[in-house]
Amino acid sequence: KQKAEMKPSQHMGTITVLAAAFGIGGSKLFHILENLDEFFLNPVGMLFSTGGLTFYGGLICAGLAIAYYVRKVGIPVPIMADAVAPGLMLAYGIGRIGCYLAGDGDWGVCSDLADKPAWIPGFLWSETFPDNVLGPGQTPIDPISYNIRQGDTGCVVGVTDGVFPTMLYEFAMASILFGVLWALRKKPHQAGWLFGGYLLFAGLERLLIERIRVNNEYDLFGLAVSQAEVISVVLILAGAAVMAWRWGKKASDPVPAE
């Protein structure tokens, strides 16, 4: 059989499909793993629910699927990874705006306006998300009551003003980190170094925001940690290792011709 030569850009349709399919599937899988008790109570409902997606699951599963595909068609994986690194960071931030508008439960711990510094607008400190889609059948639920059920001891019904809108904080951090990655893309480096930077920054950003987010926690060597915190630490270590490995060397991967 003859193989037709294809430009890298001609593979974008397949890559997009892989990103969507494995991104959604991976997001659902990691959400189920994080909430196994709920899954065993209602497996069908949880599988086919439009909610309940975990970003890291989508990133990992879609990343592996795309890496396998581009390697198979002859595109160097490190070059591809560098090409998408800034866009991945910006896309994550834009996605958090969607979470904020939907009020889908990505908010933070309870907050009180009395503790707010004068220079910070109220909506950046405390939100109630009255039209959130977190409840059964997308019926809004009270974020404060939800946080109490999740173990947030700083909440008092009728007293606490709301919860931290952590989605907006993540949008701001992701936008800044996108700018950093965009600026770094022209610095001399071996292919893969920029993606290492993405892994490092993405892990740091999520690890910081997890300090004020409400998530399921597990006991790990005596420490209460969330799934996202564990993955964040892995990303930070992996990113730092990749950056050290690929720094200060001449690029060795051939760039496919357009």
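**Helices α1 and α5 in the predicted model**

In helix α1, the buried positions are Ile15, Leu18, Gly23, Gly26, Ser27, Lys28, Phe30, His31, Ile32 and Glu34. The structure is a predicted model. Cover for these buried residues of α1 comes from elements that include α2, α3 (43-47), α4, α5, β3 (217-220) and α9 (227-246). The length of α1 agrees with expectation: at 1.5 Å a residue, its 23 residues should span 33 Å, and the end C-alpha atoms lie 32 Å apart.

Leucine 33 also belongs to helix α1. With a relative accessible area of 44%, leucine 33 counts as partly exposed, because that class lies between the 20% limit for buried and the 50% limit for exposed residues. Together with Leu29, Leu36 and Phe40, Leu33 forms a nonpolar patch on the surface, and the accessible area of the four residues together is about 400 Å². At least two residues of this patch are supplied by α1, and at least two by α2 (36-41). An α-helix has 3.6 residues a turn, so residues three or four places apart point the same way.

Helix α5 comprises residues 77-102. Its 26 residues should span 38 Å at 1.5 Å a residue, and the distance of 35 Å between the end C-alpha atoms agrees with this. A bend of about 40° occurs in α5 at valine 84, with proline 86 following within four residues. Proline 86 is itself among the buried residues of α5, which are Ile79, Met80, Ala81, Asp82, Ala85, Pro86, Met89, Tyr92, Gly93, Arg96, Cys99 and Tyr100. The elements covering these buried residues include α1 (12-34), α4 (55-72), α7 (166-184) and α8 (193-209).

At the level of the whole chain, nine helices and four strands are present. Read from the N terminus, the order of elements is α-α-α-α-α-β-α-β-α-α-β-β-α. The chain has 258 residues, of which 41% are buried. Of the contacts with a separation of 6 or more, 74% are between residues 24 or more positions apart. The chain exposes about 14600 Å², and 68% of this area is supplied by carbon and sulfur atoms.

Definitions and conventions
Residues numbered from 1 in each chain as written. Predicted model: local features only at pLDDT ≥ 70, side-chain atom pairs only at ≥ 80, totals over all residues. Heavy atoms only, no water. Expected span 1.5 Å × (residues − 1). Bend = angle between axes of the 7 residues up to and from the residue. Buried < 20%, exposed > 50% of the residue type's maximum accessible area, 1.4 Å probe, protein only. Contact = heavy atoms within 4.5 Å. Patch = residues over 30% accessible without salt bridge, like charges linked within 9 Å, V, L, I, M, F, W, Y side chains within 5 Å. Areas by Shrake-Rupley, 256 points an atom, 1.4 Å probe, with all protein chains shown as cover. Salt bridge = Lys/Arg side-chain N within 4 Å of Asp/Glu carboxyl O.
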